[in-house]
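Q: Please take a close look at one single part of this model and describe how it is put together.

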Amino acid sequence: MKQQLDEIRRQAADSLASITSASALEAFRIEFLGKKGRLTEVLRGMGGLSAEERPVIGQLANEVRSFIEEQIAKLSEDLENAALEQRLAEERIDITMPGSKRPLGKKHPLTSVLDELKDIFIGMGFSIAEGPEVELDYYNFEALNLPKGHPARDTQDTFYINENVLLRTQTSPVQIRVMEKQKPPIKIIAPGRVYRSDAVDATHSPLFHQIEGLVVDKGITMGDLKGTLEAFCKKLYGEDTKIRLRPHHFPFTEPSCELDISCPACNGKGCRVCKGEGWIELLGAGMVHPRVLETCGIDPSVYSGFAFGIGLERTVMRRFDIDDLRLFYENNLRFLKQF
Ligand code: DAH
């Protein structure tokens, strides 16, 4: 029996040498130490031993058992360490490898010029107002002194949701919404999208952007309009920019005008950009019509105001000498990367 035990120890040591996985190690444990394992089998024969032999063999058997158990524990630890090492090696990051570059985006030219424009007006004490793009006929036309059937409506055909709801054709309805809620002094700009049912070409788009301006207070005059807009034009196009006002008509202002700036490309001498005129049309403006003030519950005998509307696309086109408005919406990177 002693021989058998020695043999088991020897075989166990042999087998262990070739074990390289946790599953093989478990199979080995069952083979030698399991309930039907080889050691247990030998121990079953202990009953046939004499009283002297029994403790000797018993001790030997215990030694063999602890020898195998120790070996299993040690090998199990070695295997775990090896597995961890392998995982670490496989998952190692080479920090010297060049990273994958993410191209940095930038602002769309419409956004960057709008931001610049907002900064200029905020610097002059204006705050920013907003209104809905899906607008009521009342705000877009009626309250702006454009009753149903008014001929000026024909120049601003748009998309109707129903008879009274439409996509706004201008940012001017924000004037009404602000005046309904806020009592003077009022000093706001309202940038936003506007819509018209125009066919797309180099200078027309069914969607474009405007910036509305409105100032209402006691004693506001055409002089305030001119001074404010001149300061704005000089900031946007340079200090030596000149402005001129030409009479015009808008239903919601009286008197109304259009504002031209001296051509920034040729300084007013006349060139391709200004088509030889020396002047470029920039925006529409005027003194808020007394009827519009009244409609909003503001007494025109106490308060007066001026308003203006700037087309963003046109302003940006002039600024960068862009001759086709479609470029703004096509998302062609070769175009967008230039700004
Ligand atoms: N809403 C006008 C348009 O779309 C632009 C405009 C002109 C706005 C004069 C104004 C203004 O506030 O006073 O053609």
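A: Two strands count as paired if DSSP finds at least two bridges between them; strands (E, at least two residues) and helices (H or I, at least four residues) are DSSP runs, numbered from the N terminus. The model is predicted, so local features need pLDDT of at least 70 and side-chain atom pairs count only at pLDDT 80 or more, while totals for chains, interfaces and linings use all residues. Residues are numbered from 1 along each chain as its sequence is written, and side-chain values use heavy atoms, with hydrogens and water left out.

In general, strands of a sheet pair through backbone hydrogen bonds, either parallel or antiparallel. Strands β5 (residues 186-195) and β6 (residues 207-217) pair in the antiparallel sense over 10 bridges. Within this pair, Ala190 has Glu212 in β6 as its bridge partner.

Arg244 forms a salt bridge (a side-chain nitrogen of Lys or Arg within 4 Å of a carboxyl oxygen of Asp or Glu) with Asp260, the closest N and O atoms being 2.9 Å apart. This pair links distant parts of the chain, as Arg244 is in strand β7 and Asp260, 16 residues apart, is in strand β8 (residues 253-262). Buried means under 20% relative accessible area, exposed over 50%, and partly exposed in between (1.4 Å probe, protein chains only). Asp260 is buried, at 2%, whereas Arg244 is partly exposed, at 30%.
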